[in-house]
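Please take a moment with the sequence and the model shown here before reading on. The paragraphs that follow go through a few local features and then turn to the contact between two chains.

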Amino acid sequence: MDAQFIVSLSLILGTFGLYIGIAFYNMARVTSDFYVAGRNVPAVFNGMAIGADWMSAASFIGLAGTVMLLGYDGLAYIMGWTGGYLLLTFLLAPQLRKSGRYTVPEFIGDRYNSGTARLIAAVATIIISFTYSIGQLSGSGVVIGRLLEVDTAIGTMIGVALIAFYSAVGGMKGITWTQVAQYIVLITAYLIPVIFMSLQLTNNPLPWLSYGQIVSELQVLDAQLGISEYVVPFTEATRWQFLALMFTLMAGTAGLPHVIVRFYTVPTMKAARWSGAWALLFIGLLYLSAPAYAAFSRFILMTQVAGSSIADLPAWTTSWVNTGSLSLADDNGDGILQWEELVISNDIVVMATPEIANLGVFVIGLMAAGAMAAALSTAGGLMIAISAALSQDIYYRSINPHATERKRLLVGRWSIIIATVSAGIVALDPPGAITQIVAWAFALASGTFFPALILGVWWKRANGPGVIAGMVTGLVVTLGYIFASRFAGLSILGIIDTGAGVFGATAAIIAIIVVSLITKAPSQETQDGVMDLRYPEGMYYKNGEVWIDDSKKE
Amino acid sequence: MRKIDKKEADAYYRIRTTLIIIYLAIGFVVSFGVVFFAEELSGFSVNGFPFHYFMGAQGAILTFIILLFINAIVSDRIDKKFGLDQVKKK
């Protein structure tokens, strides 16, 4: 047990103690109006809470590594995951807020007046959240594996135990102030190494302004090695794949059940707009820093690690080689490690760089704490979404309507445990890099919920049979494309698995429109309900007339 | 409850929708538009980055953030103009 282990572990435990402490303090204070608690929070803090909810292991652990290894092509993740907030805030959040429903399956079931649609939405929620959580578990495997210097797979198993326990006892979701604390820990942990590296390499404390210089130097280094240059577009995939991936991530963001839920719980449409704006600002801080992180990491690896003697590599390499995510082989036997001989997994770049750059035990420990917060908080939220869909929408509504509260709770708990363990089994041998696994979840969301919600809000003629056909088509097309692309090498215009959402969404939109038009129009009541979403709060649409309610002044 | 002219309500809807279309068009151009013409736009540099890389790593995200804040501020103004800011939630 070395000093690093003790520092990392105490920072992880310390920050978790802080989150739980805040949760208990808040619960004790506002037991009576638990649900209202979130509603008195200023939009700025609500934005931070959304940020903490949003930033998962994919953003924290996986993103910079993906950008580093893919170069320009990795920026599809940066633009996709931020641009989604435009679609969400402009096209969905205010209307969903006005509809007054609390979950996505509930909104879909009521808007389309169909129990079947609600059931399909619940199944889609489970598939999406399950896929997403595989990415989180494999992220926790990277962190725990490094911490204990064991294989990443063993780290993942420990992560499974932690997440199952943590979500089954209730987790710390929904408590805004806990999430505000998580955001602050996350962003501090992420920014400190970027700022330190910026100072080390460029003497400028503002990485966002200084890394352009490093990017220029990388181009020169790449040219010397004769490899494809870092900034040259479409070296890893085609232009169409870039565009398809970016669309998939944007539309997926606007359709992810656990993200949308945050907008149902704000007090007003005005608060929904401001929360969205603040959220993107706080999220953007990490996304603006990730490419800087990537450029610094690549520069350090190319100039300080590559070119050194194999016999004389720094100590950090051994611990990462042990986790199985780094390989340094002297292929040409000249005793020197070449850049080409260094194979680093996307997923360890963020965690390994502070060690490589020798930033000290405290910074490395802080990174571990930040990464664990990102993985555990998101995984907790996903597990709760799965358990709600299973126990409420499927078990209670469709299988056993007479189930007691206790029985439903039990079904919920067991579904968390089963879902975590099965996601963990898949994550033992991750089917892809964290960002890639998460991109599949986004593809599924963009193929199912995005079309169902957008048309549900903006097109009153969309009806139950239409949305059922649309969600099933979207799900089948997206899943089919992901599998066909991975296992049978299918690619249309060079679009691979991660861009599948563009086909899923298109197919679903066509299916909803066609089937809706050939079947009966929704009832007048439903159509009036959709018209009502056009107008702001306080205005109500009824029988072709608009009413304003100004009686409820506070 | 009092009835208001549907025209007024629809004017509100129209102005909000028009603005949303404008915001989304700007967002589309800075992301999809720049990516589509990435090679053509890589000729000049901003702060050490080729332009297409700058837009992908910083420009687009900053534009998105600014658009959301403009939307929040402008929408508040519109609500005020239509006298909706007085209507508080339950």
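The model is a predicted one, and in it A:Asn203 lies in the loop between helix H9 (176–202) and H10 of chain A. The phi of A:Asn203 is positive, near 60°, although the residue is not a glycine. Most residues other than glycine have a negative phi.

A positive phi is also found at A:Asn113, where the value is about 50° and the residue is again something other than glycine. This asparagine, A:Asn113, belongs to the loop of chain A between helix H6 (104–111) and helix H7 (115–148). Because A:Asn113 has 15 C-beta neighbours inside 10 Å, it counts as partly exposed, the range for that class lying between the 12 or fewer of an exposed residue and the 20 or more of a buried one.

The crossing in which H10(A) passes H13(A) is left-handed. On the side of H10(A), the residues that meet H13(A) include A:Trp208, A:Tyr211, A:Ile214 and A:Leu218, while those of H13(A) include A:Leu288, A:Ala292, A:Phe296 and A:Phe299. Taken by class, this contact of H10(A) with H13(A) has 13 nonpolar residues, one polar residue and two charged residues.

Beyond chain A itself, there is the contact with chain B, to which chain A gives 51 residues and chain B gives 45 residues. On the side of chain B that touches chain A, the elements giving two or more residues are strand S1 (2–4), helix H1 (6–36), helix H2 (38–41), strand S3 (49–50) and helix H3 (51–81) of chain B. The largest share of that side, 17 residues, comes from H3(B). By class, the side of chain B that touches chain A is made up of 26 nonpolar, ten polar and nine charged residues.

Strands also join the two chains: strand S4 (residues 545–548) of chain A pairs with S1(B) in the antiparallel sense, over three bridges. In S1(B), B:Arg2 stands opposite A:Ile548.

Definitions and conventions: Residues are numbered from 1 along each chain as its sequence is written. Chains are lettered from A and ligands numbered from 1 in the order in which they are written. This is a predicted model: local features need pLDDT of at least 70, side-chain atom pairs count only at pLDDT 80 or more; totals for chains, interfaces and linings use all residues. A crossing is left-handed if the near helix is turned anticlockwise from the far one by less than a right angle, and right-handed if clockwise. Helices (H or I, at least four residues) and strands (E, at least two) are DSSP runs, numbered from the N terminus. Two residues are in contact if their C-beta atoms, placed from the backbone, lie within 7 Å. Ala, Val, Leu, Ile, Met, Phe, Trp, Tyr, Cys and Pro count as nonpolar, Asp, Glu, Lys and Arg as charged, and the others, Gly among them, as polar. Two strands pair if DSSP finds at least two bridges between them.
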